[in-house]
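Q: I am new to this structure and would like to learn how to read its features. Please start with the overall picture.

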Amino acid sequence: MDFFLFSLELRSVDLQIPKNNKEHHTQEMGWKQLILRRGQSFTIQLKFSRPFQPQLDHITFVAETGPEPTELLGTRATFFLTHTRRGNIWSASDFTIASNTLHISLFTPANAVIGHYTLKTEISQGQAPSVTYPLGRFILLFNPWSAEDDVYLPSEILLQEYIMRDYGFVYKGHENSITSRPWNYGQFEEDIVNICFEILDKSLYFLKNPGKDCSQRRDVVYVCRVVSAMINSNDDRGVLQGNWGEDYTQGTSPLEWTGSVAILRQWSSRGGQPVKYGQCWVFASVMCTVMRCLGVPTRVVSNFHSAHNTDGNLTIDTYYNRNAEILPTEKQDKIWNFHVWNECWMIRKDLPPGYNGWQVLDPTPQQTSSGLFCCGPASVKAIKEGDIHLAYDTSFVYAEVNADEVVWLSEDGQVQEILAHNTRSIGKEISTKTVGSDKRQDITGSYKYPEGSPEERSVFMKASRKLLEPRRASSPLLHLLGSGDLKDQPVQLQLWLARTPMWGQDLLLMLHVRRVPDRAHTQSPIGLMVRFCAQPLLHGGSAREPLWRHVVHLNMDLGKEMQWPLLLPYSDYRNKLTDEKLIRVSGIAEVEETGQSILVLKDFSLEPPRLSVEVFERAEVGHALNIYITLTNTLMVALSNCTVVLEGSGLISGQIAEDLGTLMAGNTLRIQLELYPIKAGLRQLQVLIRSNEVKEIKGYKDILVAEAGVP
């Protein structure tokens, strides 16, 4: 029979979603959509009305993405069926014929535009007109497994952590008291990948020029900057609205979020209305979800004692009065007790050689970059080497980890003297989750050389010259700062906590005083008047009105050391702290003989009660799993309106919430809940108990879930 007498008609298409998604490491996203990674082949199966004849039948494939796809913009690709693949281009090859079925291997180039694609085929014989058949849709992501992709990460262990891990930790608190909080990234939840592209499609760049925006989605640097701008809502209909005040009645307190999924779903379901509310760790955690989902290796990083330096002078100025009270200032410069951003892994073809690898991206709206509230990518290597002229926003991030802190004594609006010039206090304990572990990893050495080392001073001077020289003549504070070193101090003061600071209990601090034996000072006893002040701190570095004051008079002989207890009663701070439960105790000692002032500080967070989460049995997909949650109220007051919220990708669909009522002081709450795990593998259950008194009591449990029926 002459098959040429019959046209080749397409009868059915099999996109082989389970096989392709597994090979492309997207099986966790489900089987409803074909989800591929660029730079990697995938197979489809076409069934025709008759056997395919390579000499007679001509098959052309067309892949399109975006609203107005064109080959010029790279959003439309036309490619023919060939025997072998040639290079990093769209291709259809390596086909096999079995009766009326054609098995074909299709390839997407490693620099293809990411996005939602439609795939169709055009079939013709000889000079006859072609007939077009739709084959289906697929989603194309970045591919960190492909050596040709700009996000290539040549380590399967790192890929499992920074792409496949759907949970992690946020590090908060203070450099001397770092706390870890579990977070559910949930990047593989079924609808999240579509929401991620919805975020890109609501950006100002897309709304202004959709074709150009889609074309630039081949570039990971561009995509990262768009996402960084879209996670906050300062310029656009972004995902989260920031709130650094204390009134969260119109939304959810940033402390009460336990994962990204609920935030992204709420944003999408309400037509792109910003979700209330976020702060830095929420912005960064949601961006981590989006970037891991899109295929970019990403981690969440915390920087303790982080500078917010808006004027670019590498100096953060703080002011105190003689009563040791932090004074408000109109300047935007602040020192945050911690700040959280992201690092994304990529090649930087837009920079000179040597700046590939981890790049800082910060979705928290702090300052504009190219007219929008976004930050980065800034090469971590460039930050360490002081190459602050390199794109993007490297000078801003450099200041976050390297600025000097200058503390001034002020009276009647006039600075009187420098109380401290700290060159080593900014950028401490830079932290991220350890690969393959729940432990914290200190990565400060990636951002800067050891404090005080010749390399660190050399880099600081290089960066300072680039930033400060043009403006040095116009800064009276810099002139005062450079007029001489701080005077030697006749006594050394140190504040430390005598016991763990628990919210709801009296706080005990110790003042350690040591008279310094120095020929520059008188050998006679000296008198000290030490004025203390305790103030609640907001996360962004501002302070509220004092809640406690105290004055101590001391006489110090040469070589003498002493310790003085300071009691801060619960009654003094009850109902006066922010939700962060962060306090700064400041002391200014005045030397009665000379009038010299000496500053001593102690910042600390109050610890909430501890939450216990236990599982005593084997976890298996689809089988009941008992969870035991225990909380003892160790405070002196009751916890009212308690609610427990459970979340965990692969364990729970969405969230489980239950009202618990009031937990009296000293009482223990025991909860037993039953879950039915959804996915196999290592999963994390996040648990939040919130109350009127304490918003954030969090715990977690890592759970290894077995496949159903596997012994």
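A: The protein has 14 helices and 39 strands, where helices (H or I, at least four residues) and strands (E, at least two) are DSSP runs numbered from the N terminus. This is a predicted model, in which local features need pLDDT of at least 70 and side-chain atom pairs count only at pLDDT 80 or more, while totals for chains, interfaces and linings use all residues. Residues are numbered from 1 along each chain as its sequence is written, and side-chain values use heavy atoms, with hydrogens and water left out.

Q: How far does the C-alpha trace of the protein span along its principal axes?

A: The spans are about 120 × 65 × 40 Å.

Q: What share of the residues in the protein is buried?

A: Buried means under 20% relative accessible area, exposed over 50%, and partly exposed in between (1.4 Å probe, protein chains only). Of the 711 residues here, 56% are buried.

Q: How is the packing of two helices described?

A: Two packed helices are described by the angle between their axes and the distance between the axes. Axes are lines fitted to C-alpha atoms, for helices over the stretch in contact, and angles run from 0 to 180 degrees between N-to-C directions. In this model, the axes of helix α6 (residues 220-231) and helix α8 (residues 280-294) come within 10 Å and cross at roughly 145°.

Q: Which residues meet where α6 and α8 touch?

A: Contact means heavy atoms within 4.5 Å. From α6 come Val223, Cys224, Val227, Ser228 and Ile231, and they meet Phe283, Val286, Met287, Val290, Met291 and Leu294 of α8. These contact residues divide into 10 nonpolar, 1 polar and no charged; Ala, Val, Leu, Ile, Met, Phe, Trp, Tyr, Cys and Pro count as nonpolar, Asp, Glu, Lys and Arg as charged, and the others, Gly among them, as polar.

Q: Is α8 mostly covered or mostly open, and what follows α8?

A: α8 is mostly covered, with 15 of its 15 residues buried. Glycine 295 follows α8 and has a positive phi, near 105°.

Q: How many disulfides are there?

A: A disulfide is a pair of cysteine sulfur atoms within 2.5 Å. By this rule the count comes to 0. Cysteine 293 is in no disulfide, and the nearest cysteine sulfur, that of cysteine 196, is 3.8 Å away. Cysteine 293 is buried, with a relative accessible area of 0%.

Q: Which residues are buried in α3?

A: Helix α3 (residues 192-201) has 7 of its 10 residues buried. They are Ile192, Val193, Ile195, Cys196, Phe197, Ile199 and Leu200.
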